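The following paragraphs lead from the fold of a single chain as a whole to selected residues within it. Please keep the sequence and the coordinates at hand while reading.

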Amino acid sequence: AEKVAVLGGPQVITVTAAVRAERGVRSEKGALIYQIGDDAQSATGLKPGDVIFMVNRQRIATAEELRQIFNGAQGRAALRVYFERGGQTGYSDFYVQ
């Protein structure tokens, strides 16, 4: 799957059937974090392997959708990012700088 850089930070890929099978992902759609730096992990609470499936109340289907939302959120209100990690769901609140 194509890797998409989100604000020069985490690289994410669109969840596909192949990605779901390879990674054991339950979410049918979303953006899987392929790579994320230590500083970004500390700031966001996100980790490699997390699947972002919703931001605020908007469902995320592709890595490109996530990039567009993050780009549009720069310098605005905090985002609530919902993710799947190890078969469990969680969320993290943070600002996009």
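Of the contacts in the chain between residues at least 6 apart in sequence, 41% join residues at least 24 apart, where contact denotes heavy atoms within 4.5 Å. The model is a predicted one, in which local features need pLDDT of at least 70, side-chain atom pairs count only at pLDDT 80 or more, and totals for chains, interfaces and linings use all residues. Residues are numbered from 1 along each chain as its sequence is written, and side-chain values use heavy atoms, with hydrogens and water left out.

The chain contains three helices and seven strands; these are DSSP runs, H or I of at least four residues for helices and E of at least two for strands, numbered from the N terminus. Their order along the sequence is β-β-α-β-α-β-β-α-β-β.

As to overall dimensions, the C-alpha atoms occupy a box of roughly 35 × 25 × 25 Å along the principal axes.

Buried residues account for 37% of the 97 residues. Here buried means under 20% relative accessible area, exposed means over 50%, and partly exposed lies in between (1.4 Å probe, protein chains only). The chain carries 12 positive and 10 negative charges, whose mean positions are 5 Å apart. Lys and Arg count as positive and Asp and Glu as negative, while His and the chain ends are not counted; each charge is placed at NZ of Lys, CZ of Arg, CG of Asp or CD of Glu.

How are the buried residues of helix α3 arranged around its axis? Helix α3 spans residues 63–73, and its buried residues are Ala63, Leu66, Ile69, Phe70 and Ala73. Seen down the axis of α3, they fall within an arc of 125°, so they line one face of the helix; the arc is that of the directions from the helix axis to the C-beta atoms. After α3 comes Gly75, with a positive phi near 75°.

A positive phi also occurs at Asn56, near 55°, in a residue other than glycine. Most residues other than glycine have a negative phi. Asn56 belongs to the loop between β4 (51–55) and β5 (58–59) and counts as partly exposed because its relative accessibility is 35%.

Strand β5 includes Arg59, which counts as exposed at 57% relative accessibility. Beyond its neighbours within four places in sequence, Arg59 is in contact with Phe53, Met54 and Glu65. Arg59 and Gly30 are separated by 29 residues in sequence and by 7.9 Å in space, C-alpha to C-alpha.

Pro48 and Gly30, 18 residues apart in sequence, are 14 Å apart by the C-alpha to C-alpha distance. Pro48 is found in the loop between α2 (38–44) and β4 and is partly exposed, at 46% relative accessible area. Apart from neighbours within four places in sequence, the contacts of Pro48 are Ile33, Tyr34, Ile36 and Gln41.

Finally, Gln88 is part of strand β7 (residues 88–94) and is exposed, with a relative accessible area of 55%. Gln88 and Ala77 are eleven residues apart in sequence and 26 Å apart in space, C-alpha to C-alpha.
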